Amino acid sequence: MKRVNDLESYWMPFTANRDFKKEPRLVYSAEGMYYKSVEGKDILDATAGLWCVNAGHNRKRITQAITEQASLLDYAPSFQFGHPKAFELATRIAEIFPEGMNHVFFTNSGSEAVDTTLKIALAYHRARGKGTKTRLIGRERGYHGVGFGGISVGGMPRNRQYFGSLLSGIDHMPHTFDHERNAFSKGQPEHGAELADRLEDIIALHDASTIAAVIVEPMAGSTGVLPPPKGYLKKLRSICSKHDILLIFDEVITGFGRLGTATASDYFGVIPDIISCAKGITNGVIPMGGAVVKDEIYETMLEEADNPIELFHGYTYSGHPIAAAAGLATLDIYKEEELFKRASELAPYMESAAHDLKDANHVIDIRNIGLVAAVELAPRKDAVGERGYELMKRVWDKGVMVRFTQDTMAVTPPLIAEKKHIDQMFDAARQALKEIN
Ligand SMILES: Cc1ncc(COP(=O)(O)O)c(C=O)c1O
C-alpha cells in the first residue's frame, strides 16, 4: 500500500531513525538566526545548520541569485564545456584563500572534496615521477566525510567498522586530545605539540618515498571540537616539507569564517598544500565543495601530464551554475558585512559564556576557538552518548538546536549571531543540564 507523507520512507543519515520517527524534530522554515518548527515554534540555530549557514538563514541576496541563475542557465556540462560563474567563483575563492593557492576543483560536498584532495595528491606525485608515493596518513579522531577515501584516512571507529577493509596503504597519527593536561583550555591548548613528532615515527616505518600526503582537520570538529595544541600544526608543516609529503588541511567546517578568518590556515599561520572546503562556500543553500591547490601542484599536473586531460576526475555537477551563483552571492555577503571579522569580535564573548558552564552538572571539559565552543559531559556508565543525546533533546524542547557528538555538545552559530543569542544558547544548555541525571 502506498503511504502518503508518513516518516517511514526517508532513511535519514547519521540518525537513530526509529527514535527520531517516534519523536520527530522537524523544521519548516528559517530566517536569520532562527528555524521555525512544524509546530510553529521558534528554534534558535546554534549550529549554523550543520556548520554551514554562516551568513544566517534565508539571505535574500542568495535566494535571488539562485532564482535568477535557474532561469538564465539551469545546467551546463562541466567536462569540456563551462560557464562564466564557475570561473568567477574559483577566482573569488582564490582571492581569500592563502597566497599561492589559486586553483579550485569543484565538487558537490565535503566528502567529495576530501576524496578529490587525496586523488590529486596521488596523481601529482605520479606526474612528477614519484609514483611510489602512494600512502596516505590521517589521524585518529579525524572526520573527513563518508567516501571510502575519507573514512579510510578518518579516525572515527564507527564510521569505519561497518564498511570492510577500506583503502589500503593508510596509517594514522595519534589524536591530540589530552584531557589530563588540557581540560578547560581556552583557545589552543598548551600541551601536545610533540604529538606531531609521531609523524616522524610513521615516516621512519614506511619511508617517505612511499608516502603521498598527510591529511588533518586544522581544528577537529566532528569528533567533539579539538583545537590543535600550540605549535602542533607548524611542526606537521615542517615535517611534511622536509620529507616531500603533501599536507592537506580539511577545512570543510573551518573554511569561510568559522574561526574569524577566511581559513583556519590563515588563523594558525600554517599554509598547507591542498585545502578541502564545502559548507560555508554557498552558505549551505546549495551543495558545493572544492579542493583548492597550490599553484605548483596545478602547474606540475598540466606540464607533466601524459594525456591532454591532466586529471581523470570530476563530477557531473562540478561548478554547477546554481551553486556557483549561490557561492558568489555568499562571498559578497561575507565581504560586505565583514562577517569573518564579526565572528572574531564575538568569539571572546562566546568563550566566556561557554566556560561559565564549568560548574554545571556533568561537565568535564569545555573547549573553544573562534566561533566554536564545545561542552563535554561525563558519559553514563556503559552508555556513552546517551546523556548527550538526552541533553540535545531537552535543549531542543527549550527552543535551541545544538549538535552532539556522543557526549560533547558543539555550539557553532551563524556568524551573524549577537550576544543575546549566545546567552540564549548557553542558558538553555544550563537549564537542561539541571534536568538530566
Ligand atoms: C572536516 C570535514 N570534512 C568533510 C566533511 C564531509 O562533508 P559533507 O557532509 O558535505 O560530505 C565534514 C562534514 O561535516 C567535515 O566536518
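Asn58 lies in the loop that runs between α2 (48–51) and α3 (60–72), in what is a predicted model. Although Asn58 is not a glycine, its phi is positive, at about 55°. Asn58 counts as partly exposed because 14 other C-beta atoms lie within 10 Å, a number between the limit of 12 or fewer for an exposed residue and that of 20 or more for a buried one.

Asp244 likewise has a positive phi of about 55° without being a glycine, and its place is the loop between α10 (232–242) and β8 (246–250). With 14 other C-beta atoms within 10 Å, Asp244 is partly exposed.

The two residues are set side by side below.

| Residue | Phi | Loop | Other C-beta atoms within 10 Å |
|---|---|---|---|
| Asn58 | about 55° | between α2 (48–51) and α3 (60–72) | 14 C-beta atoms |
| Asp244 | about 55° | between α10 (232–242) and β8 (246–250) | 14 C-beta atoms |

Turning to the protein chain as a whole, its secondary structure comprises 16 helices and 15 strands. Taken along the principal axes, the C-alpha atoms of the protein chain fill a box of roughly 65 × 55 × 50 Å. The radius of gyration of the protein chain is 22 Å, which agrees with the value near 22 Å that a compact globule of 437 residues would have.

Of the 437 residues in the protein chain, 49% are buried. Among the contacts in the protein chain with a separation of 6 or more, 71% are accounted for by residues 24 or more positions apart.

Definitions and conventions
Residues numbered from 1 in each chain as written. Predicted model: local features only at pLDDT ≥ 70, side-chain atom pairs only at ≥ 80, totals over all residues. Helix = DSSP H or I, 4+ residues; strand = E, 2+ residues; numbered from the N terminus. Rg over C-alpha atoms; globule rule 2.2 N^0.38 Å. Contact = placed C-beta atoms within 7 Å.
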